[in-house]
Amino acid sequence: MKALVLKRYTKSGQLHFETLPKPVIKDNEILVKIHAVGLNPIDYMIPKGIFKPILHFSLPAVMGSDLAGVVTETGRKVTRFKVGDAVYASLFDMDTGSLSEYAAVPESAAALKPSTLDFIQSASLPMVALTSWQAFERAKLQAGQKVFIPAGSGGIGTFAIQLAKFLGVHVATTTSAANADLVRNLGADTVIDYKTQNFVEKLSDYDMVLGTVRGDGIQKAIEILKPHGEVVSLIGPPDLPFAKQRKMNLLLKGVFWLMSRKINAQAQKRNVKYTFHFVHPDGHRLKEIATLIDAGEIKPVIDKVFPFEQTINALSYLEAGHAKGKVVIDFIKAN
């Protein structure tokens, strides 16, 4: 089978197409013929070694996390799926990848794809959906509260805004003027043009910030939280609780404590909380998300679809930072 493989970490993040044997599944896995793969920013960061201390791949490794496809084989202990089922899943943090013609997927990571969506749309969802849901759960976000979701027109933003509105939460976001109508139509209540307005001057007394933008955005966002509010950061810095959760060695625990010391001190001074969140695969949660999708509560937003052979170009396009919604790889078109 054809796959996109990382052989070694480089500053430019070089990836190569290789021909590999079809995966041999374990008793608790399903073999999925890939129809589509959703790309995420971490997909172009991993090959550059940015997450090397955190994510441990046995190189060479197949890249990619999100997928949608059809089950072609089931392991002996699999009970939730059968051959022919259309599924979607995230393989994030599993030392295996989705950018290949077939993937071995743990039963626990997969769910039947939303019946109202095609494979392209379904593949766009797993990581952004799970990240948004888990982050909101972590902050105990409730109806009537207020959340700030920067970069509302991006992959995470377009899903998180819709989920927050489903939960009954007031949503503020930043975007360019050109994308203001897009995020309003998704449910954003307060829209700030990041090119001409400072969100710190416009927002106050928020219960949660979903940290999605690199730079000094996290530090600034702390200023808009009410007492006991929380920043859940998806982009770092990683903190000590995260290092403990992943059972890292003392050196890395010390490094992450140092990396997050400044932001934690700022948060404590404001009587708010800072946490770093790393998404984890969850097939049962994807099943719930599929129910919301099929009920019409949330719709995927897709910017552009590339054939598999153009995946490297697709990653470059995503890295440029102008995508509105998700970028997806189509394996069927490639064939």
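Guide: Helices here are DSSP runs of H or I with at least four residues, strands are DSSP runs of E with at least two, and both are numbered from the N terminus. The model is a predicted one, in which local features need pLDDT of at least 70 and side-chain atom pairs count only at pLDDT 80 or more, while totals for chains, interfaces and linings use all residues. Residues are numbered from 1 along each chain as its sequence is written, and side-chain values use heavy atoms, with hydrogens and water left out.

When neighbours within four places in sequence are left aside, N179 is in contact with S153 and K324, contact meaning heavy atoms within 4.5 Å. With S153, the side chain of N179 makes a polar contact, side chain to side chain, at 3.4 Å. A polar contact is a pair of N or O atoms within 3.5 Å; within protein, one must be able to donate a hydrogen and the other to accept it, and residues adjacent in sequence count only if both atoms are side-chain atoms.

N198 is placed in the loop between β11 (190-193) and α6 (199-202), and with 30% relative accessibility it counts as partly exposed. A polar atom of the N198 side chain lies 3.0 Å from the backbone nitrogen of V200. From C-alpha to C-alpha, N198 is 9.4 Å from T174, although the two are 24 residues apart in sequence.

A further asparagine, N271, belongs to the loop between α9 (250-269) and β14 (273-276). Its phi is near 60 degrees, a positive value in a residue other than glycine. Most residues other than glycine have a negative phi, and most peptide bonds are trans. A151 likewise has a positive phi, near 55 degrees, and is found in the loop between β9 (146-149) and α4. Cis peptide bonds join L59 to P60, with omega about -5 degrees, and G236 to P237, with omega about 5 degrees.

Helix α4 (residues 155-166) packs with helix α3 (residues 126-138) at about 50 degrees, their axes being 9 Å apart. That angle makes α3 oblique to α4: angles under 35 degrees count as roughly parallel, over 145 as roughly antiparallel, 65 to 115 as roughly perpendicular, and the rest as oblique. The axes are lines fitted to C-alpha atoms, for helices over the stretch in contact, and angles run from 0 to 180 degrees between N-to-C directions. Where they meet, α3 supplies V128, A129, T131, S132, W133 and F136, and α4 supplies G155, I156, F159, A160, L163 and A164. By class, this contact has nine nonpolar, three polar and no charged residues. Ala, Val, Leu, Ile, Met, Phe, Trp, Tyr, Cys and Pro count as nonpolar, Asp, Glu, Lys and Arg as charged, and the others, Gly among them, as polar.

Helix α3 also packs with helix α10 (residues 283-294), at an angle of about 100 degrees and with axes 10 Å apart. The two are therefore roughly perpendicular to each other. Here P126, A129, L130, W133 and E137 of α3 meet R285, L286, E288, I289 and L292 of α10. The classes in this contact are seven nonpolar, no polar and three charged residues.

Finally, two residues that touch each other deserve a place. S100, in the loop between β6 (86-90) and β7 (102-106), is buried, with a relative accessible area of 1%. A polar atom of its side chain lies 2.6 Å from the backbone oxygen of Y102. Beyond four places in sequence, the contacts of S100 include M1, K2, F308 and V62. V62 belongs to strand β4 (residues 61-62) and, at 14% relative accessibility, also counts as buried. Among the contacts of V62 beyond four places in sequence are L4, L20, T96 and S100.

Terms used. Buried means under 20% relative accessible area, exposed over 50%, partly exposed in between (1.4 Å probe, protein chains only).
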